[in-house]
Structure formats: C-alpha cells, structure tokens
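Subject: A structure for you to explore

Hi there,

Here is the structure I promised to pass on. Please open it beside this email and follow along as you read.

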Amino acid sequence: MKSNGLSLATIAVLCSGVILTIAMGMSIGQGIKDSIIENDYELVYGLEKSLTEEKALEDKIHRYDEKLPDDVKRKYFPYLTNRVRLDHEGSVEFLHDFKMFNENEPFATISTAKYYEEAFSERLPELKEDEIYYTTSIHRYHAFKEMKIADKVYKVKEFEIKDQSAKNIAIDTTFILVKDHKALEEILHFMRKEAPDTNLYLRILANDSPGTNHEKNLQAFAKEQGGKFFTQRENQEFIEGFAGGFLYLGIMISIVLTIMSSLILYYKQIVEGHHDQKQFAILKKLGISEKMAIETIGRQMRSVFLFPIIVAVIHNLVASKIMAQLLRLFKIRSYLIYFQNLLLVSIAFIAVYVICYKIAQNAYRKIVWSK
C-alpha cells in the first residue's frame, strides 16, 4: 500500500485542529463561569487622595451607608491596589510604569485582616505587628517565609482567599493583608513615592433583600458618587454569551475540519485501492485466502490511520502548556481544566476517527478484493 506523506501530514494537522478548537472552547466555557461576581451588585470607588486616616475612612463609609436603601445588604472593603515587582527574596517593589503581561509584575491588592474578615465573612487568626497574610497566583512565589514591603520585613502566613473576583482575573495577582489600618496607611504613603496617584479604593458588596430589586437605585447612586457599577445579572449574561459563542465557533470549526480530514482519508484509500487492485488480483490467483488478505489490509491501513491521530494527540499534549497560558487571557488559570478537556476531546475524536477508519477499510477491501 502506497503512503502519501503530504496527505498524512494534512490529516494530522486537521486532527490537531479539531482537538484543539473543541478543547479550547470547552475550557473557556467551563472556566470563565467562575469569574461571575458573587454579589448582586458591586460598586467601586477611588477615594480622595486626602482620605488616608482610619477615622476619615469610617466617616466616608458612614455617609455612604446613610444614602443606601435600608433593605440593601452591604459590606465594605477598603483596599490599595498597584502593580508590583516581586523577586525571589520576597522584596516587593511598587511600580509606576509596567508591562501589561509580566509574570514578575502582578497586580497587588493590599488591605487589613479586619476589612477582609468583615467583607468576606471569614475569621482569620490574629496577626502580629510583623506578620502579614499573603497569597499569589504565581506558583513560584508561594514559598516566601519573609517579605519586604515598604522598607519593613514581615513574616508571611499563607491563606486561601475567598474573594472570587480577585482570583479570576486575566493577569497575575497578589493579595496581602496587614494587621491594621496604621500598617496599611504606612504602605500607602510609601507607595506614593513611586506612584504619586495611588489612593485607597472602596468596594461595596451589595445584595438585594428577598423580593426587592435595587439595580436602578444603586446604579444612580454609583453615578452620583463617581463610582463604577457592576451587576451579577449583566456579568452573567456577558460571560454566558461570550463563552457560548466561543464554544459554538469551536464546534463549527471542528465539524468542518473533521469532515475535511475524513474525506481526505477516505479519498486517499479509494485512490490507493484502485492502484493496489492488480497486486491483490495476483495474490488471489496465487491462492491467498480472503481471511489472510483482510488481515494484510488491516495491518497496512492501521499504520496509515494511526500515524495522523498519534501525531495530533502528541502535538496537542506538547502545546498544552502554551494553550493553558493563552487561556489566562480569558480568566482561566487552572491548567487542569484545559488538560482534562484535552483528554476528553482526544478520546471522543479517536472514537470518531475509528469509525472513519472502519468505513474506509471496508471501501478499500471491496475494491481490492471484489469477488
């Protein structure tokens, strides 16, 4: 049986494309749903530059509290955020200029243990003056025993963050909790040396009481106060449409590629069947049994059929790390999500490929061993 290298290479590329597009589409749909905000509404404000002291912040929160509807459940989370540069010694440098995608320069969210506990209903063991809670999405920076922040060395205590929106953003993130507002204020003043425009931010995590809907009221309130307004409904609709569109596109492209690879493979076997017809006619005259001929055909065709699918699977496994990195643009950080989908799609496509193999094998056998 003649083997056409170009057609086999084409089939391998098409098979790789089928597996890749469906696995990517499934991963985007499965992973991006985790970035839906957990609260009915979120309001984000950049506070005034002069507002740094704890008492002034409490007064600001109290004024917001008085303006919000009474039946809106709300929690407040003050924090600092800035791009930082980490090194392997645990030093944190606050940046003014930075590259958008740089694994050594994550966005850092810094707050106090008290603010975090009140906002996310979690109790943490009390910190000492020289301790911080720390977590990051960059795996190689997880093992710090000490960190230097704002010219002060802190002992590190790792924790699992409960704020889903902080975990599921496209770029790398670092989350730091200090003991109290005094420590937070010291870091803020230090940050302003490198980034003068750095201010405190305030997130309001709001939820409707049963049977109420305050979306319009809160949207008007956010606009009046100069803040950003997000709703779970709009966030969910956007994500479902976005993820669904990618999955639909992946399925349509995969169908086209599957049909193309199947037709190329089938046509190749038909052409080679007519070419090999004379050789099998000679074997038939020499007394070769039909059973032996079918076994020979099976061995020959298996080598042709197995090559493209094996190459396709190997290509996708080798490229899986790169694909997982690209998925971070869609807020998907888990390599396991993509790897599981890649294996699932590969198994399903192999099953489809085997069916195509059986059809082509029967067609080839009828041509070369017709009675």
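Two strands pair if DSSP finds at least two bridges between them. Helices (H or I, at least four residues) and strands (E, at least two) are themselves DSSP runs, numbered from the N terminus. Before the details, a word on how to read them: this is a predicted model, in which local features need pLDDT of at least 70, side-chain atom pairs count only at pLDDT 80 or more, and totals for chains, interfaces and linings use all residues. Residues are numbered from 1 along each chain as its sequence is written, and side-chain values use heavy atoms, with hydrogens and water left out.

**Strands and their partners**

Let's begin with S9. Val-44 has Arg-203 as its bridge partner in S9. Strands S1 and S9 are antiparallel and pair over 6 bridges. S9 also pairs with S2, again in the antiparallel sense, over 8 bridges; here Tyr-79 stands opposite Tyr-201 of S9. Of the 8 residues in S9, 6 are buried, so the strand is mostly covered. Buried means under 20% relative accessible area, exposed means over 50%, and partly exposed lies in between (1.4 Å probe, protein chains only).

Now look at S4, which spans residues 107-112. How many of its 6 residues are buried? The count is 5, and S4 is mostly covered. S2 and S4 run antiparallel and are joined by 4 bridges, with Arg-83 having Phe-107 as its bridge partner in S4. S4 is also joined to strand S8 (residues 173-178) by 6 bridges, and these two run parallel. Phe-107 turns up again here, standing opposite Thr-173 in S8.

**Salt bridges**

Side chains of opposite charge can pair when their charged atoms come close. A salt bridge is a side-chain nitrogen of Lys or Arg within 4 Å of a carboxyl oxygen of Asp or Glu. The structure holds 10 of them.

Which residue forms a salt bridge with Glu-42? The partner is Arg-203, and the closest N and O atoms are 3.1 Å apart. This pair links distant parts of the chain, 161 residues apart: Glu-42 sits in strand S1 (residues 41-46) and Arg-203 in strand S9 (residues 201-208). Both Glu-42 and Arg-203 are buried.

Another salt bridge brings together the side chains of Arg-74 and Asp-65, at 2.8 Å from N to O. Asp-65 is partly exposed, because its relative accessible area is 30%. Arg-85 and Glu-93 also meet through their side chains, with 3.1 Å from N to O. Glu-93 counts as partly exposed because its relative accessibility is 39%. Elsewhere, salt bridges that share partners join Glu-215, Arg-233, Glu-234 and Glu-237 into one network.

**The nonpolar cores**

A nonpolar core is a set of buried Ala, Val, Leu, Ile, Met, Phe, Trp, Tyr and Cys residues joined through side-chain atoms within 4.5 Å. The largest one has 60 residues, and those touching the most other members are Leu-43, Phe-94, Tyr-116, Ile-132, Tyr-134, Ile-149 and Ile-187. Strand S2 (residues 72-86) gives the largest share of this core, 7 residues. Apart from it lies another core, of 27 residues, among them Val-18, Leu-265, Val-345 and Tyr-353.

**Two loop residues**

Ser-121 has a positive phi of about 50 degrees although it is not a glycine. Its place is the loop between helix H3 (113-120) and strand S5 (131-136). Is Ser-121 buried or exposed? Ser-121 counts as exposed, because its relative accessibility is 56%.

Asp-151, another residue other than glycine, also has a positive phi, near 65 degrees. You will find Asp-151 in the loop between strand S6 (146-149) and strand S7 (152-158). With 58% relative accessibility, Asp-151 counts as exposed.

Happy exploring, and write back with any questions!

Best wishes
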